[in-house]
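Hello,

Here is the structure I promised to pass on. Have a look at it below, and my notes follow.

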Amino acid sequence: MSVIVIARFKVADVGKAAEWARANAEVPQDITAYGKSLGQIGHRIVTDGKDLVVIDEWPDGDTFNKFFVGATRMGEFLSGAGIVGEPEVSILDALDVPGTF
């Protein structure tokens, strides 16, 4: 069964972070392509208005860790988007129970 990764990034300004990502689309697109090449299943970025929260699905935690340290443009994205400090990352096991979709 796959894992769900939730990574919370503190950001100086959510609007400016989104604006930067749109203006520099090749950076997140390259990161996404690398994730897909490793078998990443899903990816979303959401916000509560003050942080960026990434919700990913990966085959396993080791593959996510390989991705996070190996994505060559990740530093460029984090810097350009105004990320402050280190992310808070949780790797959660998905449960196959009735009602899951």
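A question to start with: which residue in β3 does R8 stand opposite? R8 stands opposite V53.

Before the rest, a word on the source. This is a predicted model, in which local features need pLDDT of at least 70 and side-chain atom pairs count only at pLDDT 80 or more, while totals for chains, interfaces and linings use all residues. Residues are numbered from 1 along each chain as its sequence is written, and side-chain values use heavy atoms, with hydrogens and water left out.

**The overall picture**

The protein has 4 helices and 4 strands; these are DSSP runs numbered from the N terminus, with helices being H or I of at least four residues and strands being E of at least two. Along the sequence they come in the order β-α-α-β-β-α-α-β.

The radius of gyration is 14 Å, which agrees with the value near 13 Å that a compact globule of 101 residues would have. That radius is taken over C-alpha atoms, and the globule rule is 2.2 Å times the number of residues to the power 0.38. Along the principal axes, the C-alpha atoms fill a box of roughly 40 × 30 × 20 Å.

Of the 101 residues, 31% are buried. Here buried means under 20% relative accessible area, exposed means over 50%, and partly exposed is in between (1.4 Å probe, protein chains only). The protein exposes about 6,400 Å², with carbon and sulfur atoms supplying 55% of that area; the areas come from the Shrake-Rupley method with a 1.4 Å probe, and for residues only the protein chains shown count as cover.

Contacts are heavy atoms within 4.5 Å. Among the contacts with a separation of 6 or more, 76% are between residues 24 or more positions apart.

As for charge, the mean positions of the 9 positive and 15 negative charges are 6 Å apart. Lys and Arg count as positive and Asp and Glu as negative, without His and the chain ends; each charge is placed at NZ of Lys, CZ of Arg, CG of Asp or CD of Glu.

**The strands**

Two strands are taken as paired if DSSP finds at least two bridges between them.

Strand β3 is largely enclosed by the rest of the structure, because 6 of its 8 residues are buried. Its other pairing is with β2 (residues 42–47), antiparallel over 6 bridges. Here H43 stands opposite D56, and T47 stands opposite L52. β2 and β3 form a hairpin with 3 residues between them, and G49 in the turn has a positive phi of about 95 degrees.

A23 lies in helix α1 (residues 14–23) and is exposed, with a relative accessible area of 60%. A23 and A71 are 48 residues apart along the chain, and their C-alpha atoms are separated by 20 Å.

M1 sits in the segment before β1 and counts as exposed at 67% relative accessibility. Leaving aside residues up to four places away in sequence, M1 touches P59, A94 and D96.

D96, one of the residues M1 touches, is in the segment after β4. D96 is exposed too, at 66% relative accessibility. The C-alpha atoms of D96 and A12 are separated by 37 Å, and the two are 84 residues apart along the chain.

Happy browsing, and best wishes
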